[in-house]
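Reader: I would like to go through the labels used for this model one by one. Please set each value against its rule.

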Amino acid sequence: MHEGHEQMFRRRFFVSTLLSIPVLLYSETLQEWLGFSVPLFPGSEWINPVFAIIVFAYGGVPFLRMAAPELKDRKPGMMTLISMAITVAFVYSLASVVFPTASTFFWELVTLIDIMLLGHWIEMRSVRRASSALDELAKLLPDTAERIIDNGTIEKVPVSELDEGDLVLVRPGANVPADGVVEEGDSDVNESMITGESKPVSKDPGDEVIGGTINGDGSLRVRIDATGEETTLAGIMRLVEEAQESKSQTQQLADRAAGWLFYVALGAAIVTGIAWTLAVSFNATVIERVVTVLVIACPHALGLAIPLVVAINTSLAARNGMLIRDRIAMEQARDLDTIVFDKTGTLTKGEQGVVDVETVDPVEETEALALAAAVEGDSEHMIAQAIREAAHEQGVTVPSATGFEALKGRGVRATVDGETIHVGGPNLLSQLETDVPSDLTAFAEDAGDDAQTVIYLLREGTPIAAYALADVVRDESYQVVNALHELGIEVAMLTGDSEDVAYAVADDLGIDTVFAEVLPEDKDTKVTELQEQGHLVAMVGDGVNDAPALTRADIGIAIGSGTDVAVQSADIILVQNNPLDVVRLVTLSKASYRKMQENLVWAAGYNVFALPLAAGVLAPIGILLSPAVGALLMSLSTVIVAINAQFLRRVDLDLPSLPGVSPVSGSPSAD
């Protein structure tokens, strides 16, 4: 809808502006002000009315159409006020052609329409959004599935033709086509986009799998137990759709001001008409005075006060890593009192990393890390990737390994410099029947208390080192929690991970509220619970499992590296994948709202000053605001509003300037 309106307003603005040029050139008022003249020719007196009629019919009628719902709901707003002014100016100006009066409003009429078209074009461009979250969710399901029939042969069928009880083959790396139970095979399945669990989940016969999740290295045979609308993914899609429909329609600030101004202008016009009729009797002067009041009341500056700030706000946000898809959300961000973060991929990097190392004397950490990285050189497991990344970060020289062998469910083995090296977890120790040195045992116990995964390095069957791995917390996460606390905003965390993992991260970061082991539908419920307690809630997440909560929250904020559905479900996207941009968002929202208020004061101030003068309150002492001077004041207020909006660009969003934030090495600059 917004995209269609944007194209309509843009097209009509350019055409109407082009058609307005002859009206401006042949306006006697503008010729007198600017000291120029244009050639006259037979029929030139019809240029103004003819072109003004065309501009009104093409550029003004859309406002009349959009005013109809406001009048029907008895809630006059911006469209009603614009429609009243352009209609009065249009009718009066046409009447002045037949019954000559002291002045016409042709040039005011066309410029008013042009400015309003420009303002609404800017506004529609700012608020345009394409909500395709449901389409992105649907893309998680494959188009086809490999169904195993009774004689053991495999047939490829559309997923829509699967029935409960069907047996399907899920090859390595393929998406699970529907919810079901593993009958044969074992593999690690990536469920992060559904459950939020950061580590792949091991699946054996009897375990449940969810449609849309991604199979790992193993092959699975799955018995389907839910299809179509009964699947977990379909349930998430329904939640997203319901949450989108439940969004309240927040009335625009400028529209409310226009609604007030409508009644003020109407009242002022009625009082003006009565007063002047009593003073000089009813004549053309009374009509001209009433028309002047109604035309001058039209919000030239008010029509641009908000859209200009929004346009600058959107541009400034984009340059600082924030894409605004819903401007109402940007305005609301200034009042946030609770921000809920997803853990995996938002506060953490969403990947396993080596967080601690313990070695047995006389083995050095670098030596142990080099051996482990050598053995894990040919493995694609996430633990292997974490060890190789740690070795790369520390600049360790990794020796070559031969005879690599994966030990299913236990670890890996290879030969390095003629020695047999193993890397694996507790199951590897049990298989090798080896004793663990006390230093490594204590290290493993401490790591377990912090919900960290422990793997061991063995040389010739003897443990010589242990590594603690965990989903690595972002450096920026510490800063963002401190900064939000300084702004008076509470921080909560939602995660599908275990309570041990969740509370370990929360305690480290100083988070106020923790919701652990939360399923997708419960994430949505937790946000609703916070809202029912009277909190204005923002949700920050990156996964499909966050989509319902992102949409249900008052403001949905997606980390830009997240899945497409999270981005499409959110009101604001953090492109740089930096949670500190949440602090920038709140800071910019507060600054933008202040600028909107200032612009409304400037825009309304013109009316407070001009309306009484147009009505003639100072006429007894010889001061009477003419339509021409009124138009000049309108232009002046519009210029002031435009200049004031530009001052928003001065807001400092650089990292050291944010509350509670100190620079982090490697953090992106606001510029």
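Author: A cavity is a set of grid points where a 1.4 Å probe fits but cannot get out. The model is predicted. A search of the whole structure finds one cavity of 30 Å³ or more.

Reader: Why is Val 98 called exposed?

Author: Exposed means over 50% relative accessible area. Val 98 has 58%, so Val 98 counts as exposed. Its place is in helix H4. Val 98 also belongs to a nonpolar surface patch of about 590 Å², together with Trp 46, Val 50, Ile 54, Val 97 and Phe 99. Helices H3 (47-72) and H4 (78-98) each supply at least two residues of this patch.

Reader: How do you know that Glu 155 and Arg 147 form a salt bridge?

Author: The rule asks for a side-chain nitrogen of Lys or Arg within 4 Å of a carboxyl oxygen of Asp or Glu. Here the N to O distance is 3.0 Å, so the pair qualifies. Arg 147, Glu 155 and Asp 166 are linked in a network of salt bridges. By this rule the count comes to 11 salt bridges.

Reader: What makes Arg 223 and Glu 183 a salt bridge, and what does the pair tie together?

Author: The closest N and O atoms are 2.8 Å apart, and the cut-off is 4 Å. Arg 223 lies in strand E9 (residues 220-226) and Glu 183 in strand E4 (residues 179-184), so the pair ties together parts 40 residues apart in sequence. Arg 223 is partly exposed at 30%. Glu 183 is partly exposed at 41%.

Reader: Why is Asp 524 called buried, and which residue does its side chain meet?

Author: Its relative accessibility is 6% and the limit is 20%, so Asp 524 counts as buried. Its side chain meets that of Arg 552 in a salt bridge of 3.0 Å, N to O. Arg 552 is in helix H21 (residues 547-552) and Asp 524 in helix H20 (residues 520-532), 28 residues apart.

Methods: Residues are numbered from 1 along each chain as its sequence is written. This is a predicted model: local features need pLDDT of at least 70, side-chain atom pairs count only at pLDDT 80 or more; totals for chains, interfaces and linings use all residues. Side-chain values use heavy atoms; hydrogens and water are left out. Patches are made of residues with over 30% relative accessible area and no salt bridge: like charges are joined within 9 Å, nonpolar side chains (Val, Leu, Ile, Met, Phe, Trp, Tyr) within 5 Å. Accessible areas come from the Shrake-Rupley method with a 1.4 Å probe; for residues, only the protein chains shown count as cover. Helices (H or I, at least four residues) and strands (E, at least two) are DSSP runs, numbered from the N terminus. Buried means under 20% relative accessible area, exposed over 50%, partly exposed in between (1.4 Å probe, protein chains only). On a 1 Å grid over the protein atoms alone, a cavity is a set of points where a 1.4 Å probe fits but cannot get out, and a pocket is an open set with protein on both sides within 12 Å along at least five of seven lines; lining residues have an atom within 4 Å of a point. Grid points are joined across faces, edges and corners, and a volume is the space filled by probe spheres set on the points.
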